[in-house]
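Walk me through this fold. Start with the sheet, then move to the aromatic rings.

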Amino acid sequence: MAIARLTETERAEALAALPLWSLRADGLALTRTFRFADFAEAFGFMTRVAILAEKADHHPEWFNVYNRVEITLTTHDAGGLSTRDVALAGAIDGFGS
């Protein structure tokens, strides 16, 4: 089953529901930067996200330096944002900083 890319209206609704996330300049991904007290806290957060992502079979693009974790969510099979990105972003917000 093909994964559908969000329409412009669906994308706007998703962004309204995820106020801490930003739309990447090309409109094809959600991004958010998390900051923690130290590397151990950042790594613990990444571990929780990794377990969640594995269960969802939807994996983030991310970058970590010390206490900062930058996450990008996009669905390559859809060529942009899908409901999978919105769901994962919402779940991440449940235990993010």
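Two strands count as paired if DSSP finds at least two bridges between them. The model is predicted. By that rule, four strands form an open sheet, with antiparallel pairing and the order β1-β2-β4-β3. β1 (22-23) and β3 (61-65) are the edge strands, and each pairs on one side only.

Now look inside the sheet. Strand β2 covers residues 30-35 and strand β4 covers residues 68-73; six bridges join these antiparallel strands. Arg32 stands opposite Ile71 in β4. A helix comes next. Helix α2, residues 39-56, lies across β2, β3 and β4. Its direction makes an angle of about 165° with β3.

Turn to the rings. A pair of aromatic rings is described by the distance of the centres and the angle of the planes. The model holds five aromatic pairs, counting rings whose centres lie within 6.5 Å. Take Trp21 and Phe34: the centres are 6.1 Å apart and the planes stand at 75°, so this pair is edge-to-face. Trp21 sits in the loop between α1 (8-17) and β1, while Phe34 belongs to strand β2, so the pair ties together parts that are 13 residues apart in sequence.

Phe45 is buried, with a relative accessible area of 0%. Ring pairs link Trp21, Phe34, Phe36 and Phe45 into a cluster.

Methods
Residues numbered from 1 in each chain as written. Predicted model: local features only at pLDDT ≥ 70, side-chain atom pairs only at ≥ 80, totals over all residues. Heavy atoms only, no water. Helix = DSSP H or I, 4+ residues; strand = E, 2+ residues; numbered from the N terminus. Contact = heavy atoms within 4.5 Å. Axes fitted to C-alpha atoms, helices over the stretch in contact; angles between N-to-C directions. Phe/Tyr/Trp six-rings, centres within 6.5 Å; stacked < 30°, edge-to-face > 60°. Buried < 20%, exposed > 50% of the residue type's maximum accessible area, 1.4 Å probe, protein only.
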